Amino acid sequence: MTVIACGPRTFKFISEQLEPYDVRWPVKAVTDIMSSDSPRQMDREGIYSWVVLGASFTTLLIGPSLTYATGVFHVAMLKEFNEDLVLTTWVGSTFGCMFALSGPIASLIINVSNCRTCVVMSGVLMMTGFTTSFLVTDIRLLFLTVSLVAGLGMGLAGTGAIVVLGYYFPKRAAIASSICFTGGGLGIFVHPTLFQFLLEKYGFHGAYLITGGITFHTCVAGMLMRPAVTERRRQQRILGGQTLTQKITLSMCGTSTMIVSVIQNVSFILFVASILCFSLGVSTQYQFLPEFFISQRSTLEEASLVVSVSGIGSILSRILVGFAASDEKIGSATIFFSINGIVAIFTFFIPLFKSSTYPRIAYGFILGLYTGGVWVLMATLTLDILDLHNFATGVGIGRFFCGAGFLVGPPIAGTLVERSGTNYSAFLFSGAMFFSATVFGFLSTLKRSVLDPSNDTRQDTHVSEALVTTSE
């Protein structure tokens, strides 16, 4: 789950008026619509803005935070199907990576229709995927029901819930996003314990069935996200005079051109490598943490509680790092590679926390405290490295590699566990990835070319001209 920090340059960027609006990446949608109107629009939408904020909060609570409960279901799948560890791990990793890899599909739906349609579709997909898993007797079918269908729904929910805030909070987008993303942190706290209860009470298949019913409530939240005035106007501008095929073709061509420009930046390539290593490490942690503590004579309930407590640490981390990143005296890059280095150290020494309940819970809190803040810094550091013209494309590339890390990280760790015969191998791999994220993050600062603040106005003009060119 990604959070855009409200640093001085980032806040200025999302507050500028960029027209026309072109949605090629999920974060592109966010930055476009967060700058869409004046405070008078907020007055016209009135109190309903806070209804939409509550709906977005609920959506992130129900949907995208499911990623952090994959470790609980991983243990249950091992017992239920008694299949190969690597094969079982692939189910959770493919489900977990969909929050990022489904972003372009979500952007397309929002571009063609609106945020409400995107979120309602997500509820239907998640309900369909989880409820049909109730009938599955072969773990390979879970790749279709859980990983593809439910995972796609999870990705649509996260993107639609974030994007809609920009229409209703054009000048308070940072505050609204902070409130909304606490729903994701609360979901990290709730879901592992809830799913562990469902598994014990109703069994593996029954837990999936009830989970489908819970996620279907996303449709209710989505229906509350009625299109704002600015959203309806935007749809008229984007689709007016062009067919759907033309719009998709122009969007793809414009994105390809920007990608070529971005990958020539060595500092950004190093930063993307850091993001990839971080996602490899954090996905492995949440996949194997419950199984590791269970192998150390912990109960499934206790292991689920450890993951839940990490949600509390994640909420606190996002708040603290958000404030720290907003301070010009504290460098975002320093915070980024420092907290990755700290979590790497704790990961290497995880055997010290396996002795009893309280040390295990402490480790879960530390894990959330030193990983949650990384999501806050990704967009901010991308803006620091790239110019404003390539910002959205850069964040999109970062999200893609983040999803790739969530996809391949747990299977790689699973292979190491199988060959070594010990779960600690997964955490050695995770710690090495966190340490690599620190190294690549530090190297990216050495080659970074910081933008001259005096050129912001000229660069904003270039952004508008580029968007006009690719949209016409």
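**View 1. Helices H6 and H9 pack at about 20°.** In this close-up, H6 (residues 85-101) and H9 (residues 142-168) have axes 7 Å apart. That angle makes H6 roughly parallel to H9 (the label is for angles under 35 degrees; over 145 is roughly antiparallel, 65 to 115 roughly perpendicular, the rest oblique). The axes are lines fitted to C-alpha atoms over the stretch in contact, with angles from 0 to 180 degrees between N-to-C directions. H6 and H9 cross in a right-handed way (right-handed if the near helix is turned clockwise from the far one by less than a right angle, left-handed if anticlockwise). Helices here are DSSP runs (H or I, at least four residues), numbered from the N terminus.

A quick word on the model: it is predicted, so local features need pLDDT of at least 70 and side-chain atom pairs pLDDT 80 or more, while totals for chains, interfaces and linings use all residues. Residues are numbered from 1 along each chain as its sequence is written, and side-chain values use heavy atoms, with hydrogens and water left out.

**View 2. H8 comes in against H9 at roughly 155°.** The axes of H8 (residues 115-132) and H9 come within 7 Å. So H8 is roughly antiparallel to H9, and the crossing is left-handed.

**View 3. Serine 147 sits in helix H9.** Its relative accessibility is 4%, so serine 147 counts as buried (under 20% relative accessible area; exposed is over 50%, partly exposed in between, with a 1.4 Å probe and protein chains only). The side chain of serine 147 makes a polar contact with that of threonine 94, at 2.6 Å (a pair of N or O atoms within 3.5 Å, one able to donate a hydrogen and the other to accept it; residues adjacent in sequence count only if both atoms are side-chain atoms).

**View 4. Helix H14 runs over residues 266-295.** Its 30 residues span 43 Å from first C-alpha to last, close to the expected 44 Å (1.5 Å times one less than the number of residues). Because 24 of the 30 residues are buried, H14 is largely enclosed by the rest of the structure. At the start of H14, a side-chain oxygen of asparagine 265 gets to within 3.0 Å of the backbone nitrogen of serine 267.

**View 5. H14 kinks by about 45° at phenylalanine 288.** The kink comes shortly before proline 290 (the bend is the angle between axes fitted to the seven residues ending there and the seven starting there). Just after H14, arginine 297 has a positive phi of about 70°.

**View 6. Serine 279 is in helix H14.** Serine 279 is buried, at 0% relative accessible area. Its side chain reaches the backbone oxygen of cysteine 402 at 3.5 Å.

Conventions: Helix = DSSP H or I, 4+ residues; strand = E, 2+ residues; numbered from the N terminus.
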